[in-house]
Amino acid sequence: MSTPDIICLSTNHWTGLPTSKQHLMSVLARSGRVLYVEPPLDIFSVLGRRRRWGKLSGMREVQERLWVLSPVVVVDSSLPSKRTTFHRGFLPRVVSAARRLGFESPVVWSFSPEHVVYAGGLGESVLIYHAADDPAGLSRDPDTTRMLERELMERSDIVFVASQSLYEARSEFGNIHRLKNAADVVHYGRVLVGDASASLDAFLTALRKPRGVPRELAGLEGPVILYGGAAYGWFDFELVADLAKMRPDWNLVMVGPSERPAPPPGVLSVGRKRYDEFPWYVAAADVTILPLREGSHSRNCDPIILFEYLLCGKPVVATPFPAAAEHGDLVTRASDAAGFEKAISSVLDAGTSTKLIRRRVKYALDNTWENRAEAALGLIEKAGERAR
């Protein structure tokens with residue numbers, strides 16, 4: 001199956017926390033060519049951070065066959081109407097970049113309702129809209145976002161959604177498909193095992209005694225209860241704070257960026273880590289957690305970190321959002337701090353089960369980004385045939 005040229009209109013910066021956008025495009029670029037268009041970034045933010053200066057160059061190659069185009073503007077409004085106006089004006093730049101790369105009749109893969117202004121303007125053979133979450137639930141103007149999303153879904157050849165909730169909410173569209181998130185098996189294999197194509201047994205051997213333990217965790221006494229990922233509006237800080245009060249003998253660790261300047265009392269926050277460091281933190285945990293607040297995000301999300309927790313063979317305790325239930329008994333669900341304390345205590349008391357660890361890792365190895373990309377390519381090929 002051949003991989004077409006792809007223009008990815010993303011809502012995440014390439015160097016941000018890895019999401020389905022970066023994972024899928026990185027895989028697809030192994031056999032095809034990808035132009036990854038980042039969201040607009042305020043020029044003052046660029047000038048204030050040296051690591052972002054590369055964005056001023058416009059287009060740059062970040063891996064073989066994958067280029068990133070960075071829009072740098074004076075003002076970056078979060079209102080959908082303002083951003084739609086920006087994208088309409090940026091369209092010629094995307095056309096020019098695609099022409100420089102020699103793209104002809106590319107697949108356009110968009111991740112935001114505001115990208116509807118690109119529809120028909122890039123000479124695309126197939127137009128995809130991918131809802132990785134509920135955009136209206138995150139918008140400052142939900143009504144405008146819903147209107148733009150509906151127009152984009154009507155114009156798209158394929159609509160991908162990350163979660164079952166998103167699928168059911170958009171089921172009236174006949175071109176809709178569920179494309180679940182997955183585990184980055186290649187990356188975790190390269191870091192933890194030293195082999196990007198590591199087998200199940202190789203993973204299990206490496207996880208029994210990890211080759212490295214992060215310095216912040218090396219001297220801790222007692223079990224490590226770890227959350228990995230961004231802690232923004234969807235994260236239940238109060239639940240974690242209550243859990244820390246209940247069990248001061250546990251080491252509650254947060255790895256990743258946070259909207260709060262300081263973690264809850266009794267919680268160790270080590271901040272954001274490089275992607276090639278992050279797997280070591282998960283591998284060093286005794287139990288992993290995913291405490292999400294009830295709301296639009298938790299109802300519609302399909303957290304990548306759940307697959308990565310399981311890839312490292314870890315017990316998982318999460319709040320009872322829909323996607324957590326899809327992993328069956330591999331994820332224990334609890335609604336509050338008392339429930340988390342009971343579930344984690346039960347896991348720690350039971351000790352390590354080799355059979356259960358094997359099930360977790362096997363499950364993750366069966367759910368990879370390579371699998372997802374292959375499924376997407378099959379649908380793209382059929383859509384292209386229909387268009388021809």
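Helices here are DSSP runs of H or I with at least four residues, strands are DSSP runs of E with at least two, and both are numbered from the N terminus. What follows concerns a predicted model, in which local features need pLDDT of at least 70 and side-chain atom pairs count only at pLDDT 80 or more, while totals for chains, interfaces and linings use all residues. Residues are numbered from 1 along each chain as its sequence is written, and side-chain values use heavy atoms, with hydrogens and water left out.

## A glutamate to start with

Let's begin with Glu149, which sits in helix α4 (residues 142–155). Its relative accessibility is 5%, so Glu149 counts as buried. (Buried means under 20% relative accessible area, exposed means over 50%, and partly exposed is in between, using a 1.4 Å probe and protein chains only.) The Glu149 side chain makes a polar contact with the side chain of Tyr129, at 2.6 Å. A polar contact is a pair of N or O atoms within 3.5 Å; within protein, one must be able to donate a hydrogen and the other to accept it, and residues adjacent in sequence count only if both atoms are side-chain atoms. Leaving aside residues up to four places away in sequence, Glu149 touches Pro113, Tyr129, Ala131, Pro135 and Arg170, where contact means heavy atoms within 4.5 Å.

Now for the strands, where two of them pair if DSSP finds at least two bridges between them.

Strand β5 (residues 66–69) is worth a look. In a regular strand the side chains alternate between the two faces of the sheet. Both faces of β5 are covered: Leu66 and Val68 on one side are buried, and so are Trp67 and Leu69 on the other. β5 pairs in the parallel sense with β2 (residues 34–37) over 4 bridges, and in the antiparallel sense with β4 (residues 59–63), also over 4 bridges. The hairpin of β4 and β5 has 2 residues between the strands, and there Arg65 takes a positive phi near 70 degrees.

| Residue | Partner in β5 |
|---|---|
| Leu35 | Trp67 |
| Met59 | Leu69 |

## The parallel sheet

There is also an open sheet of 6 strands, with the order β13-β12-β11-β14-β15-β16 and parallel pairing. β13 (267–271) and β16 (331–333) stand at the edges with a single partner strand each, so one side of each has no neighbour in the sheet. From one strand to the next, the twist averages 30 degrees.

Within this sheet, strands β11 (residues 224–228) and β14 (residues 287–290) run parallel and are joined by 2 bridges. Leu226 has Thr288 as its bridge partner in β14. Helix α9 (residues 237–246) lies across β12 (251–255) and β13, running at about 150 degrees to β12.

## An enclosed helix and its neighbour

How many residues of helix α12 (residues 304–311) are buried? The count is 8 of the 8, so α12 is largely enclosed by the rest of the structure. After α12 comes Gly313, with a positive phi near 75 degrees.

The axes of α12 and helix α15 (residues 354–365) come within 7 Å and cross at roughly 130 degrees. The contact is made by Phe307, Leu310 and Leu311 of α12 together with Arg360, Val361, Tyr363, Ala364 and Leu365 of α15.

Val361 lies in α15 and is buried, with a relative accessible area of 0%. Not counting residues up to four places away in sequence, Val361 touches Leu200, Phe203, Leu204, Leu207, Leu310, Leu311 and Gly313. Trp14 is another story: Val361 and Trp14 are 347 residues apart in sequence and 27 Å apart in space, C-alpha to C-alpha.

Note on methods
Axes are lines fitted to C-alpha atoms, for helices over the stretch in contact, and angles run from 0 to 180 degrees between N-to-C directions.
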